[in-house]
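Q: I would like to learn how to read the packing in this structure. Could you walk me through it, one feature at a time?

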Amino acid sequence: MRYLPKSPAERQAMLSAIGAKSIDALFSSIPERYRLQEALKLPGPLSETEVIDFFKARAAENSVGYTSFLGAGVYQHLRSVVTDAIIQRGEFLTSYTPYQAEITQGTLQAIFEFQTLMCQLTGQEVANASMYDGSTATTEAVLMAERLTGRRRILVARSLHPEYRDVLKTYAKNSGLHVEEIPYSANGTLDQKALEAALQDDVAAVVMQSPNFFGVVELLPPLRDAAHSSGALLVTVITEGVSLGLLSPPGEADIVAMEAQSFGLAPSYGGPFAGVIASRDKFVRQMPGRLAGQTTDSEGRRGFVLTLATREQHIRRERATSNICTNQALCALAATVHLTLLGKEGLREMAHQNLSKAKFALAELEKIPGIRRAFDAPFFNEFTVVLPRSVKIVNAYLQREKIIGPFVLGTAYPELTKHALVCVTETTPRAEIERFAAAVRRALEQPL
Amino acid sequence: MAYPANYRYTKEHEWLDLEGDLALIGITDYAQHELGDVVFVELPKVGSKIEAGKTFGTVESVKAVSDIYAPASGEVVEANDVLHSTPEKINTDPHGAGWLIKVRLGNPSDLGGLMDSAAYELYIASESKEASA
């Protein structure tokens, strides 16, 4: 598909073909007051050197030399130049909806590999070609559970990422879904008793995250048993994919919704990322989006095609399985290349480093008078501590020392007033963790 | 393939075979031919209600997913579950082994609006003519 501007002659030919005198006449059905009366205020054209200078100046505004202890759904991990080199190939970078099997075997195979990797990581039988991000994947998983069960009540862990809950509530608001929150218990895990009390035979799905938003690892088998005992499906959300290098895959879940950002995608400004939906084979026809499949061509050679596309929006329109999803092909490709480079051992090693460094960071912080761990359930690379003073004040101090401080849990959980969610990944050197702990100690000693 | 004379037909290409107040419902040979190889069917649960003119399931072929419309209102008493493992029966025997559901009709005497086989054959002949025009 090419994007070329039309010449004035071509525009005129198109206008006369539809019987419009001018572009203005074409838009006359839009009320006058909504039409732009003057030229759009845009800066004038720039020469090539001016454009380069402009972007160099903007790049110089980037904060460099900071060490970050902020996670909360977006994680800084090692990225290889190999990933960028491959995804910047024109065949991948510039292609749009490249699903015509006759000419896009490479792309379809890459998607197929992505699906395979996601199945291996999540312990599920089928994964699709990717979604926008973890939050929309979560909502799609809920809609899928609604279609599968015919029920409309959704129980969502309060320890699910607050922004994911917001996205879900936005979709649920006018679609007749009833979303209820299940509290967390004293050790940070989902409150199983509260869950069991809320479960009835009208619940479509129990939605929970592991490691959850407080960094706490959840035990899936009892949650699955509880959900299944009332005929509900278990939807497990994963925001930190690297945790799967160490934790057992969420095979207990009926649907897994995951954010793949940790696999080779830079945090950037919060995107673009790639969402994952994985589930059981028997649920595949209620899965949103598209799926690449392996097949053989007329000469018996291995080939790849798009399958299940008959349920998609470009064919079924308003009856499609989903009209609010797409495939993040390039981001999914980055994740595929990244995971292939790492391999099974590499991912495990990376996950080990995250856990070890997070444990070290917690030990360093716990040496500081007044700081205590908030939840005692196991964690991966994020943990919650309670500070003796406001996290915002501490973070402001840290920023002066070129440290991006932990997530202020009070912004999303009013009851967690002095709680900080600290993230440490393999990219954080030991010396920086020590510098962080020393800076926190100084921040707490500052006069008010 | 011949269209059984004792069946009733819809414009959406479903057939209905009435016996007492029970009716078998399926899709016609014309429909299966238009769809191509059927790979999946979605059928309503036993005990659920279907309403005349409303969709009660889907048939998925390699080309498309199509809704199936109820020729009459009633309660589903049986679904042809073998179609889950052998959906191709819809292609090979649409008017027999490829039946979809058995329904207890709310009002068996009210099948107005459905065509007999002769009318249906005329109808699909005009449909084909339109398609090739």
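A: Gladly, and keep in mind that this is a predicted model. Let us begin with one residue pair in chain B: V76(B) stands opposite V103(B) in strand 9 of chain B. A pair like this leads us to the strands around it.

Q: How many bridges join strand 8 and strand 9 of chain B, and in which sense do they pair?

A: Strand 8 (residues 74-79) and strand 9 (residues 101-105) of chain B are joined by five bridges, in the antiparallel sense. Stepping back to the sheet, chain B has six strands in the order 1-2-3-9-8-5, forming an open sheet with antiparallel pairing.

Q: Which strands of that chain B sheet are the edge strands?

A: Look for strands that pair on one side only: in chain B these are strand 1 (8-9) and strand 5 (49-50).

Q: Now for chain A. What is the strand order in its four-stranded open sheet?

A: The order is 11-12-15-14 in chain A, and here too the pairing is antiparallel. Strand 11 (372-373) and strand 14 (407-408) of chain A each have a single partner strand, so each has one side without a neighbour in the sheet. Strand 14 of chain A pairs with strand 15 (residues 419-423) of chain A over two bridges, in the antiparallel sense. Within that pair, V408(A) is opposite A420(A) in strand 15 of chain A.

Q: Which helix packs on this sheet, and which strands does it touch?

A: Helix 12 of chain A does, touching strand 11, strand 12 and strand 15 of chain A. The direction of helix 12 of chain A makes about 10° with that of strand 12 of chain A.

Q: How should I read the packing of helix 12 and helix 14 of chain A?

A: Take the angle and the axis distance together. Helix 12 and helix 14 (residues 430-445) of chain A pack at about 25°, with their axes 9 Å apart. Because angles under 35 degrees count as roughly parallel, helix 12 of chain A is roughly parallel to helix 14 of chain A. Their crossing is right-handed. Helix 12 of chain A contributes K357(A), F360(A), A361(A), E364(A) and L365(A), while helix 14 of chain A contributes R430(A), I433(A), E434(A), A437(A) and V440(A). By class, the residues of this contact are six nonpolar, no polar and four charged.

Q: At what angle does helix 6 of chain A cross helix 12 of chain A, and with which hand?

A: The axes of helix 6 (residues 105-122) and helix 12 of chain A come within 9 Å and cross at roughly 65°. This crossing is left-handed. Among the contact residues are A110(A), F114(A) and L117(A) from helix 6 of chain A, and A332(A), L333(A) and L339(A) from helix 12 of chain A. The contact has nine nonpolar, two polar and one charged residues.

Q: How is chain A divided into domains?

A: The domain assignment gives domain 1 (67-76 + 343-445) and domain 2 (81-339). The C-alpha centres of these two domains of chain A lie 28 Å apart. Their contact takes 24 residues from domain 1 of chain A and 22 residues from domain 2 of chain A.

Q: Which element gives the largest share of the domain 1 side of that contact in chain A?

A: Helix 12 of chain A does, with seven residues. By class, that side of domain 1 of chain A has 15 nonpolar, six polar and three charged residues.

Notes. Residues numbered from 1 in each chain as written. Chains lettered and ligands numbered in written order. Predicted model: local features only at pLDDT ≥ 70, side-chain atom pairs only at ≥ 80, totals over all residues. Domains from an automatic or database assignment. Contact = placed C-beta atoms within 7 Å. Nonpolar A, V, L, I, M, F, W, Y, C, P; charged D, E, K, R; others polar. Axes fitted to C-alpha atoms, helices over the stretch in contact; angles between N-to-C directions. Parallel < 35°, antiparallel > 145°, perpendicular 65-115°, else oblique. Left-handed = near helix turned anticlockwise from the far one by under 90°. Pairing = 2+ DSSP bridges.
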